[in-house]
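My entries follow the model.

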Amino acid sequence: MSKITADDVRKVAHLARLDLPEDKITTYTGQLERILDYVDQLQGVDTDGVPPTTRAVEVVNVTREDTVVATEVREELLNQAPLREGDFFRVPKILAE
């Protein structure tokens with residue numbers, strides 16, 4: 001007996017907002033059935049002692065030291081602002097008092 005029916009495929013397509021042509025329902029039913037068979041095979045794999053992971057290859061962020069460096073264009077940048085107040089940009093107030 002098949003685990004996936006044509007009605008199951010229609011329901012999943014509806015939930016995924018997919019407009020599947022009726023002539024493809026049988027094709028997708030078989031494909032989904034094979035996918036579930038493969039998942040069943042994976043259930044038999046012994047994973048005792050294998051730590052859970054989020055990805056196959058460990059990703060490490062490479063970051064540099066955050067250091068303050070004086071810039072020579074500070075005045076030029078501040079002068080380009082629509083509003084300036086001393087050494088700062090002046091922006092419109094967005095929070096009520």
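I looked up Ala13 and found it in helix H1; helices are DSSP runs of H or I with at least four residues, numbered from the N terminus. I note that this is a predicted model, in which local features need pLDDT of at least 70 and side-chain atom pairs count only at pLDDT 80 or more, while totals for chains, interfaces and linings use all residues. Residues are numbered from 1 along each chain as its sequence is written, and side-chain values use heavy atoms, with hydrogens and water left out.

Leaving out residues up to four places away in sequence, Ala13 touches Leu18 and Leu20; contact means heavy atoms within 4.5 Å. I also looked up Ile25, 12 residues from Ala13 along the chain: their C-alpha atoms are separated by 9.6 Å.

Next I turned to H2. I read that Ile25, Thr29 and Glu33 are buried in H2. Viewed down the axis of H2, its buried residues fall within an arc of 75°, so they line one face of the helix; the arc is taken from the directions from the helix axis to the C-beta atoms. These buried residues pack against H1. Arg34 and Gln41 are exposed on the other side of H2.

Last, I listed the contact: Ala6, Val9 and Arg10 in H1 meet Ile25, Tyr28, Thr29 and Leu32 in H2.

Technical notes
Helix = DSSP H or I, 4+ residues; strand = E, 2+ residues; numbered from the N terminus. Buried < 20%, exposed > 50% of the residue type's maximum accessible area, 1.4 Å probe, protein only.
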